[in-house]
Number of protein chains: 2
Amino acid sequence: MSGMGDVLENVAIDVWARVFSRSPRQVNAPHESDAELIEVPGASESYLAVTIDTVAEEVLAGLYRDARTIGWVAAMASLSDLAAVGADPLGLVISASVPPGTEPEFSGRAARGMEDACRSVGVFVLGGDLNSAPAFSLTGCALGLVPRNAVLTRRGVRPGDTVLLTGPAGSGNALGLVRLAGLSEELFAEAEYRPSARLSAGGILRGRAHACMDTSDGVLTTLDQLMRLNGCGFEIGCAWERVLARDVLALCASTGTPPWMMLAGPHGEFELAFAAAPGDAEAIEGDLRRAGLAPVRLGTARERETLTLALPDGRRTDVDMAQARNLLETSGGDMRNYLSRFRELGKSWGIE
Amino acid sequence: MSGMGDVLENVAIDVWARVFSRSPRQVNAPHESDAELIEVPGASESYLAVTIDTVAEEVLAGLYRDARTIGWVAAMASLSDLAAVGADPLGLVISASVPPGTEPEFSGRAARGMEDACRSVGVFVLGGDLNSAPAFSLTGCALGLVPRNAVLTRRGVRPGDTVLLTGPAGSGNALGLVRLAGLSEELFAEAEYRPSARLSAGGILRGRAHACMDTSDGVLTTLDQLMRLNGCGFEIGCAWERVLARDVLALCASTGTPPWMMLAGPHGEFELAFAAAPGDAEAIEGDLRRAGLAPVRLGTARERETLTLALPDGRRTDVDMAQARNLLETSGGDMRNYLSRFRELGKSWGIE
């Protein structure tokens, strides 16, 4: 069995989480949902959903060079967590950490990135905090409401469930590859990376999908975490041309990058990965399409707790995502080293 | 008239705030209240109060050396904003930015500081985000509910109002002085600095006080901001032995520090400064005392828009807090220089 403790990030979170006592008003346990769900006195129909997300590492690693991207992602990251629990958003508060001497123009662009992201999904920034720090970072905290009779968390996957995405993925890792390998932005531009929180999808999935989690840490990391939480495994088809977004496929083709890396890397986007009873999947897909989305079938949940890729040539291979997820911590911050060890991982799984 | 734009911090905030469009559900305007107040569908009796606060600068400046202090203050800072709008807390989410290689013991102490702060006022940490950054910082985002018929903001001060604090102040600037002047902690220990969010006071003040703001940026900064927002001034008595906490007075006495600096400095604590009709002040003070607090009368609001100190020798002096508030930005980060320029400011006001 694969435990939560095999993944260093889960262990680091537990250093904090184990200190805190649990609110009697809280519905979810740690790790169990993308947003915290709490009972609010006087609001008997709904739970309040709240989630917080800081964009710092992506700025430091040079992944985002345009302040507008930082603002966009900082807003969308927490709105995406609301989407994954099926919440209707109430708004967003932000905290901006700005190094002394930063041009007001830079801060203004970051603010406009947040505003654009929020307005594109009908949400408002309510207020925030501004402070001085050695590195630029933005924190978003999003609030929403979810009907008590339609709670959607990461738990509830059943063997036999169909596993889907709300749309083609891979754009986060595409930008990651361009930066880590020092490629030209002509191959994949930062401005193309404007992933959207799937709030309307969350409304469609609540009460119908068995479990849901966003792909902010990459598709395979998401499935790995769902596997560890639910104690069941997934068999995933590798029809890259459907699962990966078109511009991501083009990047893979032009650079000779194996497509699996665009799913296995740690920099994701904001699609929702969800599991639903096979009999419900088709109706859900129809509703998602009517909402303007392009859902993708990934595969099937099953009892054996492994993450198995069904390769185009008919072979099946189990991938140990704990190795991939711990690689950032274990490769000592050298990004070229990280990238080459990542490719070797694929060879060891037999999928290079 | 003293505008909001005279203070560099207000200008910096507006670089962000002017970009964001306003939610039709939001009750307060920018700068108007310590927490954002929003209408929640299905909760017709209450507004949701939400506020976010990052503790970063105090860590960088070496003000806090014990992770427990960082955690304590990060939790209390946003809970104090809830107190200042009279909200009943629902909980707190946090974002921790931790440099690579930080000892788990350090993170654990910060977490325990947060937990201790929360439990001391009956609040729970609901969840959060963990990320890697060059400097340690903690962000808290607190949620609460406030009755719609008892909204408390920073606006509403009327000339003639009595101005009070929920308790003696100055401990934040006492710790600041110890650090900036390189004094021994025997004079004022970091562990003594455990200011508490005045949540019970907020419940007493709502619907009765005309305006309220916490002293997190120091008492005189708070009054200065209330002056700019309300377009009226304050005459403040200088009975230091009542206004300053006992250990702060002792620090002043043993180091020859003029007591006004403990009110004028920018590092505050979490008392509430509030204005109430003279006829209501006594009843409010009684209720605060019954809640275990030791309220202090500061002075009176009046039409003329200046901040005037009534000195013990009978003289009156107008202090321009914009100069003091901008000093951190204008003294180029040299803390000794900052401290000596601060003392000179007092001389120019005739209060050294």
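Trainee: Why is A:His31 called partly exposed?
Mentor: A:His31 has 17 other C-beta atoms within 10 Å. A residue is buried with 20 or more other C-beta atoms within 10 Å of its own, exposed with 12 or fewer, and partly exposed in between, the C-beta atoms being placed from the backbone. So A:His31, with 17, counts as partly exposed. B:His31 also has 17 C-beta neighbours inside 10 Å, so it gets the label partly exposed.

Trainee: Before we go on, what kind of model is this, and how are things numbered?
Mentor: It's a predicted model, where local features need pLDDT of at least 70, side-chain atom pairs count only at pLDDT 80 or more, and totals for chains, interfaces and linings use all residues. Residues are numbered from 1 along each chain as its sequence is written, while chains are lettered from A and ligands numbered from 1 in the order in which they are written.

Trainee: How do you know that chains A and B touch?
Mentor: Count the contacts: 59 residues of chain A are in contact with 60 residues of chain B. Contact means that the C-beta atoms, placed from the backbone, lie within 7 Å. On the chain A side, S2(A) gives the largest share, nine residues. That side divides into 32 nonpolar, 18 polar and nine charged residues. Here Ala, Val, Leu, Ile, Met, Phe, Trp, Tyr, Cys and Pro count as nonpolar, Asp, Glu, Lys and Arg as charged, and the others, Gly among them, as polar.

Trainee: What makes the two copies related as by a two-fold rotation axis?
Mentor: A rotation of 180° with 0.0 Å of shift along its axis superposes chain A on chain B, with RMSD 0.0 Å. The superposition is by least squares on the C-alpha atoms of residues with pLDDT of at least 70 in both. The copies are thus related as by a two-fold rotation axis. In chain A, the C-alpha nearest the axis belongs to A:Ala43, 2.6 Å from it.

Trainee: Why are S1 and S4 of chain B called edge strands?
Mentor: Their open sheet of five strands has the order S1-S2-S5-S3-S4 (chain B), with mixed pairing. Strands pair if DSSP finds at least two bridges between them. Strand S1 (36-40) and strand S4 (125-132) of chain B each have a single partner strand, so one side of each is left without a neighbour in the sheet.

Trainee: How do you know that S2 and S5 of chain B pair?
Mentor: Strand S2 (residues 43-55) and strand S5 (residues 137-147) of chain B share ten bridges in the antiparallel sense, and at least two are needed. One case is B:Thr51, whose bridge partner in S5(B) is B:Ala142.

Terms used
Two residues are in contact if their C-beta atoms, placed from the backbone, lie within 7 Å. Helices (H or I, at least four residues) and strands (E, at least two) are DSSP runs, numbered from the N terminus.
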